[in-house]
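Trainee: Can you walk me through this one? Where do we start?
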Amino acid sequence: MTQTATTTLTATDPSTGAVIREVPAASAAQVDQTLTAAETAFRSWRRTGFSERADLLRGVAAELRRRSDDFAMLMTEEMGKPIGEARGEVEKAAWAAEHYAQFGAEYLRTDHIDSDATRSYVQYLPLGPVLGILPWNAPFWLAFRFCAPALMAGNTAVLKPDPHVPGCGLAIAEAFAAAGAPEGVFQTLLAATPDVEGVIRDPRIRAVSFTGSDRAGAAVAAVAASEIKPAVLELGGSDPSIVLADADLTAAADVIVLSRIINAGQSCIAAKRIIVERTVYDEFVGLLRERFAALTVGDPRDESVKVGPIARADLRDNLHRQVTETVEAGAECLLGGQLPDGPGFFYPVTLLTGVTPGMTACAEETFGPVAAVLAVDDLEEALAVANDTPYGLAASVWTTAERGEALARELETGQVAVNGIVKTDPRLPSGGVKRSGYGRELGPHGIHEFVNAQQVWVGPKRD
């Protein structure tokens, strides 16, 4: 493992551009110590009962709620999430911990299967230390989406947070320590990006959970596969929202606007391509414009602000490039689209209409408060446009419930919401197809990703 001793992880307040935190990256010795502790803890943690594991998760959930304001402000400072949303994220992380505390044993109950044995069954055993490599956009929620099922299954967890949110990563480790987690069961590893490959390859790590871009996910997957280690990948998305003529247009506009601007649009499962049947296109664009125009972009510490800054300057520059190229290709910009003056990495809520397939806003994932609206003649064209993407994370459909359920079978996505918002929920599996990744997180499916489904055959053989 090659690592430069002077590597520093830097957190910048995106509302001002000022550096607010600098933390040394883990040294080679610290990486080794972390992995040794995870492996050592696994030997005892794997033998604990579900009730003991559940007690820890409930204790961590209580600690999250106790310090909710502190943890929320960390997100607001390090990646610009509006403070109200940030509190909601802490609450959702606590919910994930409590959900697996309550249902983990049921999800992993032994399956008894008839065979020629006197008794045969499949039992679900932990694998070992699991590495979670996570992004900056939902640092608490994504951490618990990864660690709650892993820990409840009897694995130990090593969290490698994005280098731009080191304070959030350290705070999660503090919550586990305050809840009385045994040493090594959960750890935050502030590894520098060049060192991550070595951590994945280390034999003490048995599996990998990655959330991030498809480019980085491909690199992680290649390394994990070369070591024959299981991996779950939750990658990017260019999620379609299909609005048909028989939809409740007001309800659709309300939800699609909310989906597009949560976390300033910096979400993999946000509505990104809004595909509208032509007979209601003008009416629906008017509803969107009215709602987008009413949104306030500003200081994420202000309780009234719904749209905060983009997390980094380079991300904002790339978003503006996507908007500019789309307009240059013939789209119309009804709102926003201009880089604002002043400090911070703010970007206006932007509404692009007359967008067609192949334009940049359709061909690439847009990570920001930018909505691209496309017109289609009918259901068949809507489906073709929706599936015309290398991504396949999620989709929403606005029509009658019966029609929407039938349409879901034709959409090449891992998740479909009919007349509702696309969201992640601890009770339901989440994940994608195509370049949006593989494997599932959350629900009963998520906890089964990092277990050994061990078949046991007990004789004597039956006739």
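Mentor: With a word we need. Buried means under 20% relative accessible area, exposed means over 50%, and partly exposed is in between (1.4 Å probe, protein chains only). Also, this is a predicted model: local features need pLDDT of at least 70, side-chain atom pairs count only at pLDDT 80 or more, and totals for chains, interfaces and linings use all residues. Residues are numbered from 1 along each chain as its sequence is written, and side-chain values use heavy atoms, with hydrogens and water left out.

Trainee: Okay. Is cysteine 168 buried or exposed?

Mentor: Cysteine 168 is buried, at 1% relative accessibility.

Trainee: How many disulfides does a search of the whole structure find?

Mentor: It finds 0. A disulfide here is a pair of cysteine sulfur atoms within 2.5 Å.

Trainee: New topic. What order do the strands take in the open sheet?

Mentor: The 7 strands run β12-β13-β14-β11-β10-β15-β16, with mixed pairing. Strands (E, at least two residues) and helices (H or I, at least four) are DSSP runs, numbered from the N terminus. Two strands pair if DSSP finds at least two bridges between them.

Trainee: Which strands stand at the edges?

Mentor: β12 (332-335) and β16 (416-418). Each has a single partner strand, so one side of each has no neighbour in the sheet. From one strand to the next, the twist averages 20 degrees.

Trainee: Which helix packs on the sheet?

Mentor: Helix α11 (residues 313-328), which touches β12, β13 and β14. Contact means heavy atoms within 4.5 Å. The direction of α11 makes about 30 degrees with that of β13. Axes are lines fitted to C-alpha atoms, for helices over the stretch in contact, and angles run from 0 to 180 degrees between N-to-C directions.

Trainee: In what sense do β13 and β14 pair?

Mentor: Parallel, over 3 bridges, between residues 350-353 of β13 and 370-376 of β14. Leucine 351 has alanine 371 in β14 as its bridge partner.
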